[in-house]
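User: I'm new to this one and would like to learn how to read it. Could you walk me through a few features?

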Amino acid sequence: NRISTPDVAERVLASGEAELVSMARPWRADPEFIAKTKAGRTGEINVCIACNQACLDLIFSERVASCLVNPRAAREVEFADLDAARAAKPAPKRVAVIGGGAAGLACATTAAARGHKVVLFEAGARIGGQLNLARNVPGKEEFDETLRYWRRMIDKHGVEVRLNTRATAETLAGAFDEIVVATGITPRPPEIEGVRHPKVVSYTDVLSGKASVGPRVAIIGGGGIGFDVAEFLSSPPPDQAMDPKHFLASWGGDAYMTWPGGLAPPLPAK
């Protein structure tokens, strides 16, 4: 279920491990997957990141399935007017997009693809915003593919990117027809006693490497971010985590079928 790029599919077939590769979610992420592959444009494929947030999660609650990386999925008719407007080639505008995270990247590349002159302002040293935090969580390395896709779209559509640059009123005044603010969110600390103690750090500081933690850690919050931080702190180094033997031992997989059902006792984790 994680054959998501043409090169992986080809490698599986060439190795003789399979005679057929079937895909589902990757085509929802990019319905032009095959056309781009045939044309040698694999770098332009928008890769499925296996988040399940807009496809399976919605299906299981009897809602229309979409896609986190492709908002057009299952909403093609709703986008028809936008496509018609693009085809009409309206007069190009000068557009400033403030923030190089997921929203800013989507806005900037879409506007540029429609013929507008776009400048993307990012205060940090690289694009991606909190995608750069997500990619550090074990098991979410495929966010690298999302960032690769955005970089390709920036190059293809000619978006001007200004890194390490904070947009100011002086910079923007009179220089642009439209200004889009996509500066993301600021995590809200819970108003509980001791929250400003020196031992207390935010998930952004932990996942970005700005803050180090000791051997005993209390995580306040059991949602997605709390789970990600726990995985980040407790998982082995990437080279060890990617070793199939370690994976099988950690999850109780028995490749030699010496245990009933191929399920061995999992290796206790520290």
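**Reading the model step by step**

Analyst: Ala 106 sits in helix α6, residues 102–113 (helices are DSSP runs of H or I with at least four residues, strands runs of E with at least two, numbered from the N terminus). This is a predicted model, where local features need pLDDT of at least 70 and side-chain atom pairs count only at pLDDT 80 or more, while totals for chains, interfaces and linings use all residues. Residues are numbered from 1 along each chain as its sequence is written, and side-chain values use heavy atoms, leaving out hydrogens and water.

User: How do I read an aromatic pair, and how many aromatic pairs does the structure hold?

Analyst: You describe a pair of aromatic rings by the distance of the centres and the angle of the planes. Here there are 3 aromatic pairs (rings of Phe, Tyr and Trp, the last by its six-membered ring, with centres within 6.5 Å; planes under 30 degrees apart are stacked, over 60 edge-to-face, the rest tilted). One of them is Phe 121 with Phe 176, edge-to-face at 6.1 Å centre to centre and 80° between the planes. Phe 121 belongs to strand β2 (117–121) and Phe 176 to the loop between α9 (169–172) and β4 (178–181), so the pair ties together parts 55 residues apart in sequence.

User: Are Phe 121 and Phe 176 buried or exposed?

Analyst: Both Phe 121 and Phe 176 are buried. Now take Phe 247 and Trp 251, a tilted pair with 6.4 Å between centres and 40° between planes. Both lie in helix α13 (residues 244–251), 4 residues apart, or about one turn of the helix. Phe 247 is partly exposed at 48% relative accessibility, whereas Trp 251 is exposed, at 69%.

User: What about empty space? Which elements give two or more residues to the lining of the second largest pocket?

Analyst: Rolling a probe the size of a water molecule over the atoms shows where empty space is left. For the second largest pocket, the elements are α10 and α11, and α11 gives the largest share, 4 residues.

User: Which residues of α11 are buried?

Analyst: In helix α11 (residues 224–234), they are Gly 226, Asp 228 and Val 229. The exposed Gly 224 and Phe 227 are on the face turned away from the buried side.

Methods
Buried < 20%, exposed > 50% of the residue type's maximum accessible area, 1.4 Å probe, protein only.
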